[in-house]
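Let's take a friendly walk through a protein model together. Have the sequence and the 3D view ready, and follow along step by step.

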Amino acid sequence: MAYKKTEHFDDEVTDALKNNYDQIISLLGEDNKREGLLKTPERIAKAMQFLTQGYQQDAHAILNSAKFKEEISEMIVVKDIELFSMCEHHMVPFFGKAHIAYIPNGWITGLSKLGRVVDVFSRRLQVQERLTTEILAAIKDTLNPLGVAVVIEAKHLCMMMRGVQKQNSVTTTSAFDGEFMKNPTRSEFLKLISSNLH
Ligand SMILES: [Zn+2]
């Protein structure tokens, strides 16, 4: 077998989570001995560890692992990076897209690393505002670019399924640093991410 992807879970954590979810299911009024639910606590235990794996990962290490010296001073934009996170107030998903730009100052990173940095911070309990600034800070700290910009557009299931039940609202957050504090640079970035060049 040339390629095999495996998942690893901490057995102690999985067991403890499993017991808690078993109790949660019965507290919610379900029969936790019902056939369809027998393996559910274990499945949730593993799914939740997957969805919060960002706590075990280090964005700085990921960016530093693919850092290349390059004399480029043009804006690098990666847009429409899919993201899935969970709101820390309700532990319900929010999901959408991140758009990232930076202007190198001698160092660039692998393009796929920007997507991985989005995953590191989104696979935790989050608020969209902090997710945006954490992504920006990791890029700023490791690449020391002339500027960084992060825009996130997301739909929050906690708003859509409960509470105000607004089905189509999209929350946009942004964070800018360095050159992107200046209007022309910021406008160029915003124009690039709103165009539909696919
Ligand atoms: Zn929420």
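This is a predicted model: local features need pLDDT of at least 70, side-chain atom pairs count only at pLDDT 80 or more; totals for chains, interfaces and linings use all residues.

Now look for the strands β2 and β3. Strand β2 covers residues 76-87 and strand β3 covers residues 93-103; the two run antiparallel and are joined by nine bridges. Within this pair, F84 stands opposite F95 in β3.

Next, widen the view to the whole sheet. In which order do its five strands lie? The order is β5-β2-β3-β6-β7, in an open sheet with mixed pairing. The edges are taken by β5 (125-126) and β7 (171-178); each has a single partner strand, so one side of each is left without a neighbour in the sheet.

Two helices pack on this sheet. Helix α4, made of residues 111-122, touches β2, β3 and β5, and its direction makes about 20° with that of β2. Helix α5, residues 128-143, touches β2, β3, β5, β6 (147-156) and β7, and makes an angle of about 155° with the direction of β6.

Let's stay with α4 for a moment and check its length. At 1.5 Å a residue, its twelve residues should span 16 Å, and the end C-alpha atoms are 18 Å apart, which agrees. Which residues of α4 are buried? They are K113, L114, G115, V117, V118, V120, F121 and S122. These buried residues pack against α3 (59-64), β2, β3, β4 (107-109), β5 and α5.

Finally, turn to the metal. The zinc ion has three protein donors to find: C87 through SG, H90 through ND1 and C158 through SG, at 2.1 to 2.3 Å from the ion. Along the chain, the donors follow the spacing C-x2-H-x67-C.

C87 has a relative accessible area of 5%, so C87 is buried. C158 is buried as well, because its value is 10%. H90, at 35% relative accessibility, counts as partly exposed.

One last point concerns cysteines. A disulfide is a covalent bond between the sulfur atoms of two cysteines. How many disulfides does the structure hold? The count is zero.

Note on methods: Residues are numbered from 1 along each chain as its sequence is written. Side-chain values use heavy atoms; hydrogens and water are left out. Donors are N, O and S atoms within 2.8 Å of the metal (3.2 Å for Na, K and Ca); water is not among the atoms, so sites may look incomplete. Buried means under 20% relative accessible area, exposed over 50%, partly exposed in between (1.4 Å probe, protein chains only). A disulfide is a pair of cysteine sulfur atoms within 2.5 Å. Two strands pair if DSSP finds at least two bridges between them. Helices (H or I, at least four residues) and strands (E, at least two) are DSSP runs, numbered from the N terminus. Contact means heavy atoms within 4.5 Å. Axes are lines fitted to C-alpha atoms, for helices over the stretch in contact, and angles run from 0 to 180 degrees between N-to-C directions. The expected span of a helix is 1.5 Å times one less than its number of residues.
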